[in-house]
Amino acid sequence: RIWRDDGDTAELGEFVELLTYGPIVTGGQPVTAAHGIASIRQGDFTETGLQVSRFLRVQAGSAHDPPRSRVHPGDLLLPRSGGGALGRNRVAVYEEDEPANIGCFVDLIRLRPGLNPYYLWIFLRSKLGWGQIRSLINGVGTPNISFLEIRSLRVPLLDLDDQQEYERAYVEQVRPLHRAAEENPAARPLAQQRFQQIVRRLDARLLGI
């Protein structure tokens, strides 16, 4: 199916159940807690997912752990600013079972049925997805993207079975290497290579090449 601006696409906002950002807390750094709630920050994003071993842990129920920004498995997480995160197109789906929250510079996107978060992740890394983001964040100063701009992104509506195939490809081909890279960095280049192969597959489909 070729990308075109007709019924095959929709604004991302049509599928957003929740769009929020992490807590903005003034007055110093959070108090860490060895067995506290994970707080996902911009620096925790890699090319192929979240680096769980880097998670900062904060006191449960503290100002850095408000209920409104608690993360659920399957939520898409998007750094909303910064050249090293948003500017490098870092995105991830939260896959862990443990409770977590997000830092103030990370957006949480929870989707309604009809749009697979893994497919959306891979689309946002594709030429057409990243091209839209790049056109929105280009300008003077630090790259930023607003809620309105996130909702305005246009996404091709593949059949749900087709979307599921991209999730399966990530889970089977990339996730094991991504997790292995936590302890063995030598696995990271292959994880990135396989992830890019999946992205290129979607590019070829959407662009008809």
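Strand β3 (residues 32-40) runs antiparallel to β6, and the two pair over 4 bridges. Here, strands are DSSP runs of E with at least two residues, helices are runs of H or I with at least four, and both are numbered from the N terminus. Two strands count as paired if DSSP finds at least two bridges between them. In general, strands of a sheet pair through backbone hydrogen bonds, either parallel or antiparallel. Looking along this pair, you'll find I37 opposite V58 in β6.

Keep in mind that this is a predicted model, where local features need pLDDT of at least 70 and side-chain atom pairs count only at pLDDT 80 or more, while totals for chains, interfaces and linings use all residues. Residues are numbered from 1 along each chain as its sequence is written, and side-chain values use heavy atoms, leaving out hydrogens and water.

Next stop: R90, in the loop between β7 (76-79) and β8 (92-93). R90 counts as buried because its relative accessible area is 10% (buried is under 20%, exposed over 50%, partly exposed in between, with a 1.4 Å probe and protein chains only). Which side chain makes a polar contact with the side chain of R90? That's E47, at 3.1 Å. A polar atom of the R90 side chain also lies 2.8 Å from the backbone oxygen of F45.

Finally, find V171 in helix α4 (residues 160-180).

How values were computed. Polar contact = N/O pair within 3.5 Å; in protein donor to acceptor, adjacent residues only side chain to side chain.
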